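I opened the file today to look at a few spots. My notes follow in the order I took them.

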Amino acid sequence: MALDDLKNIKHEIPWQSPVEPVELRADSEFQFNCHKGVSCFNACCKNIDITLLPYDIVRLKRRAGLTSSQWVNRYTLPYPMDAHDMPGLKMATKPGANECVFLTESGCGVYTDRPSACRYYALGCMGVRRAARAEETAAGAAPAVEEIYFMVKESHCKGHYEPRSLTVSQYRQEQGLEKYDDMNREWRDIILKKRSSGPTVGKPSARSLQLFDMCSYDLDNFRKFITGDGFAEVFDLPPAERRALLADEDQLLLFAFRFLKQVLFGELSLALKPNARAARLAKKLARAAKDTPEPMA
Ligand code: SF4
Ligand code: SF4
């Protein structure tokens, strides 16, 4: 990857940080260690700009015993992810400071459920779509998304001078990132797809943006949504599958991304009820007729 490419992705990096212009692969080695004994302990948590991913929110709201919307209202700040106002969320800071709301005297107050960006630091990760291989093009398949890594080197972070080298894979394992990446991968793919489709595709409708917001950040509402009549009218979800989804939040989140891909990009991975479209149209017309005032005699 060229230096310019890495500079261009700086806005995707959840920390306001200088990015080393070197692409790292899973087996690349780098020197880094972070522990309570470093002189800069907690310095990074005192000046944050953390973009939250859907699975971060599921873990943190579960830990807090709150619903997704309660947690989001209390601990996040909304921001537009692109020119079409795709909704994004940043971690909130303490009043009058740029310090993470979860930072305590003894370190991170939510350590075992800390967000993906905190786990990655001082690495960054992004998905890129490489050019399709000839066999993929022939089969009509979309090019695969590759994850690439890079180093974020800030002058205050002394972890880079600690005498420990390890590979990116080892670091991801140590930080519990495999589960986080598995859970967020499909969502990242949605963002990438949206971006790579370019401005010609146009702004998603207000309804699509609402659905994106719910599927990304409000799993408790999505749970209610898939048990509602509107969903049942359109989608043919077998009862056993529905019960399994309602019993397992992680699976529910992955299902929400499948649903989102269908809504945003027309990827038909969820079965539709026969005549679902006609039934919805009839209902819409009936509603419109009801709302139309009787003509004056
Ligand atoms: S969540 Fe924890 S690790 Fe992440 S910035 Fe806040 S205090 Fe630091
Ligand atoms: S070594 Fe780096 S990541 Fe660790 S506490 Fe210090 S600034 Fe933060």
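I started with the shell around ligand 1: by class, it holds 10 nonpolar residues, 1 charged residue and no polar ones. This is a predicted model, and I read every entry below with that in mind. I then listed the residues that surround ligand 1. The largest nonpolar core has 47 residues. Ile-57, Tyr-121, Leu-123, Cys-215, Ala-256 and Leu-260 touch the most other members. Helix α12 gives the most to this core, with 6 residues. I also checked the domains: the core draws at least three residues from each of domain 1 (3–196) and domain 2 (218–287).

Leaving aside neighbours within four places in sequence, Cys-215 is in contact with Phe-222, Ala-256, Phe-257, Phe-259 and Leu-260.

Then I picked Leu-253, which sits in helix α12 (residues 249–265). Is Leu-253 buried or exposed? Leu-253 counts as buried, because it has 22 C-beta neighbours inside 10 Å, and the cut-off is 20 or more. Beyond residues up to four places away in sequence, Leu-253 touches Pro-54, Tyr-55, Val-58, Met-183 and Leu-219. I also looked up Asp-220: it lies 33 residues from Leu-253 in sequence and 9.9 Å away in space, C-alpha to C-alpha.

Last, I turned to a hairpin. Strand β3 (residues 76–80) pairs with strand β4 (residues 87–91) in the antiparallel sense, over 5 bridges. Leu-77 stands opposite Lys-90 in β4. The hairpin has 6 residues between the strands, and Asp-85 takes a positive phi near 60°.

Key: Residues are numbered from 1 along each chain as its sequence is written. Chains are lettered from A and ligands numbered from 1 in the order in which they are written. This is a predicted model: local features need pLDDT of at least 70, side-chain atom pairs count only at pLDDT 80 or more; totals for chains, interfaces and linings use all residues. Two strands pair if DSSP finds at least two bridges between them. Helices (H or I, at least four residues) and strands (E, at least two) are DSSP runs, numbered from the N terminus. A residue is near a molecule or strand if its C-beta atom, placed from the backbone, lies within 6 Å of it. Ala, Val, Leu, Ile, Met, Phe, Trp, Tyr, Cys and Pro count as nonpolar, Asp, Glu, Lys and Arg as charged, and the others, Gly among them, as polar. A residue is buried if 20 or more other C-beta atoms lie within 10 Å of its own, exposed if 12 or fewer, and partly exposed in between; C-beta atoms are placed from the backbone. Two residues are in contact if their C-beta atoms, placed from the backbone, lie within 7 Å. A nonpolar core is a set of buried Ala, Val, Leu, Ile, Met, Phe, Trp, Tyr and Cys residues joined through C-beta atoms within 7 Å. Domain bounds come from an automatic or database domain assignment.
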